[in-house]
Every structure is written in structure tokens, then in C-alpha cells.
Amino acid sequence: MSTLADDPTLLLTQDLIRRPSVSPEDLGCLQVIAQRLEAAGCRIERMPFGPVENLWARHGTERPVLCFAGHSDVVPTGPREEWATDPFDPVIKDGIMYGRGTADMKSGLAAMVTAAERFLAKHPDHKGSLAFLLTSDEEGPSVDGTRRVVEVLEARNEKIDYCIVGEPSSTKELGDVIKIGRRGSLSGKLTVHGVQGHIAYPHLADNPVHAVAPALAELAARTWDKGNDFFQPTTFQISNISAGTGAPNVIPGELKARFNLRFSTEQTVDKLQSTITEILNRHKVNYSLEWFVSGLPFFTAPGALSKAATQAIQELVNVTPELSTTGGTSDGRFIAPTGAQVVELGVINATIHKVNESVRIDDVVKLAEIYERTIELMLAK
């Protein structure tokens, strides 16, 4: 007699979790998925770049192309002794599966695979194409993963029309949030140059802490914008700051700070950089500054894909999702600029990147059903 624990989506989730694929390692996750998708009739293309494994799979030759995107890599476990179970031995207890990657996002990978298997068995002559873009470089630098695959696809004019990113988007119950965009992320590495000296002779030194403090206070207090109907206001946060030798009687000669802005479509990178440098210059700070752009903001106006996903959620779990742009970045930022409609839909995100990461097994099974129904609404004849 079969039980819920024998569900194909749960079994595949467990198989993937047993592979400790800390970014950028894949450790065979994509090979397992490739074999299953190939057996379902998909054409398989492996695209390794550097240490990163990438998979492009496609069933069909016509447009529209509905693509599932996701990643096999996970973040490090943190202190193993703080875990109640082995993070790479998926344990199910009281309806909850524990392990690194259960929520972010190996359950999502498993759900999209089993959903595709069932859909293709029922609809082998579907409209358009069903595709997969999977990588082992989402939790890391995100240089040799989805970004590179998209470049290859664009170079050969192979377009993605609709994309479901399997990131854990839900907050309190499965399907309560669909992400239709993300804020951009701009980081700065600030070095303030001063002159070290004896604290009793401040006129012979130049304290970089004193020099930059008013500028940082202004940046932290600034209202950057008010956001818009779909985006929260832009935010500025200092994440790290250090100065000094550790001695109480030495004025430091240098201060280092790291900061980040999560910004809406109301801003541009150039505008943010200009504002920050203007404030530093106005306060006469002697500094050098390195910039890092992790991603630009993207937004998909409510359309065919979000409508289909919403209908599937309503039918299967009786929830009406909120369309949101909150949270961090995702690989959707590389796909949306090609013109694709992009949504993120996955399990509850409450435990992602935490010790004792977990997922409700009922949600994993239901997510596969939601994915399958969404595919039907988009591609079934």
C-alpha cells in the first residue's frame, strides 16, 4: 500500500538533498534530472562553464516557450551541531521534511520535474515548448550559471516567452504569494582614508571615522523614493564597518565600510551612484569606492502567466495569491530582460538559509500539482 512518503516528488526531493551540492557544486543533481527529462522526451543540452553545471532541456520546437528555472546549489549548512538532524539526510517527521535545500529549492526542482513528466505523458503533442533552465550557480557569484545560459540562448535567438522560477515565494501558506519582480541590488565597498596618530594629538592626525560619520548618517536617513504600486521604497543599509588598531589611544588611519541598496524601478544605478558620491564629496570625505551590481530591478506586469498560476493555485489549494516584488534577488533578473514574462512560485520561505531548514511534505506534493495545472493552462491543446 502506497503512502504519501512514497510520492514521486518527495522521493526525488530526498534524492537531491542527499547530494551535498553547496554552491557551485552540483554533485550529480542535474544529471538525475536530465535523465528523467530525457526519458520524458526532452532534448538535453549540458552547458558547463567553469566550475558550474548548467542544463537546458526542451520538449517541442515551437513558441511560446514556457520555461521552468531553478538551481541545484545550496548555501552552507552553518554549525552542524545546531541541526537537529543531518542536513544532508532528509528526515520526515510529523509531516515536515528537514534538510539543507528542502525549501530553497530542491523541492521546487522535484516538483517541476514530476509536473512535466505527468503533463508530457498526457499531452505529448502540446502547444509550443516546455523547457528547463537549471544551474548550480544561483547561491554563489551567479556569473557562470543562468546569466551565461541566457547569453547562449539569446545568441542563437532561442527565446523564452514565459518563465516560472521555482524559488520559495510563499510566506504563510502555499501559494499565498507569487513574485512578479524583484528589486535591484547595488553594493559599495567604501574605504575612507585618514592619517593615523596619537589620540592626544588629534591635530596631527585625520580621523576617518569622524570624517565619514555625517555622510553615513545622511545616507542612512535619506528617503530615496516612495516606491510605486508594485515596489517598496529603495533602502540603504550599512552591512559592515571597521576601523582602528584595537588600541584605545590610536586614531585610525583608515575606515572600511560595506553598504547595499535594494532599489526599485524608480531608480537607476547611475542615479544612485551619483547621489552617494555627491554626499561623500559634499562632506569632504577622502575616499575610494568600488561598486558591485548584483542585479537590476525587473518587473512583469500581470499577464497570461501570472493569471494561469493564480488560477491553478485557486483551484488546487483555494488560495488567492498576492502579486509581490518583495525579497532578495533571483535568477529571474537574467531572464526578464529578454522579454519573458517571469513569475516566482514555490514553497514557504520561512526557513530558507537557516539551521533546520524544512518544508511541509503536503506542500511539495501540491506544488507539483500547481505546476502541472499551470502548464496545462498555458500549453495544453
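## Ring pairs and salt bridges

Arginine 333 and aspartate 331 are both buried (under 20% relative accessible area; exposed is over 50%, partly exposed in between, with a 1.4 Å probe and protein chains only). The two residues form a salt bridge, their closest N and O atoms 4.0 Å apart. A salt bridge here is a side-chain nitrogen of Lys or Arg within 4 Å of a carboxyl oxygen of Asp or Glu.

This is a predicted model: local features need pLDDT of at least 70, side-chain atom pairs count only at pLDDT 80 or more, and totals for chains, interfaces and linings use all residues. Residues are numbered from 1 along each chain as its sequence is written, and side-chain values use heavy atoms, without hydrogens and water.

The structure holds 23 salt bridges. Two of them are tabulated.

Shared partners join Glu45, Arg58, Arg156 and Glu158 into one salt-bridge network.

The whole structure has 7 aromatic pairs. Rings of Phe, Tyr and Trp (its six-membered ring) pair if their centres lie within 6.5 Å; planes under 30 degrees apart are stacked, over 60 edge-to-face, the rest tilted. Tryptophan 224 and phenylalanine 236 have ring centres 6.1 Å apart and planes at 25°, so this pair is stacked. Both residues are buried. Ring pairs link Trp224, Phe236, Phe259 and Trp291 into a cluster.
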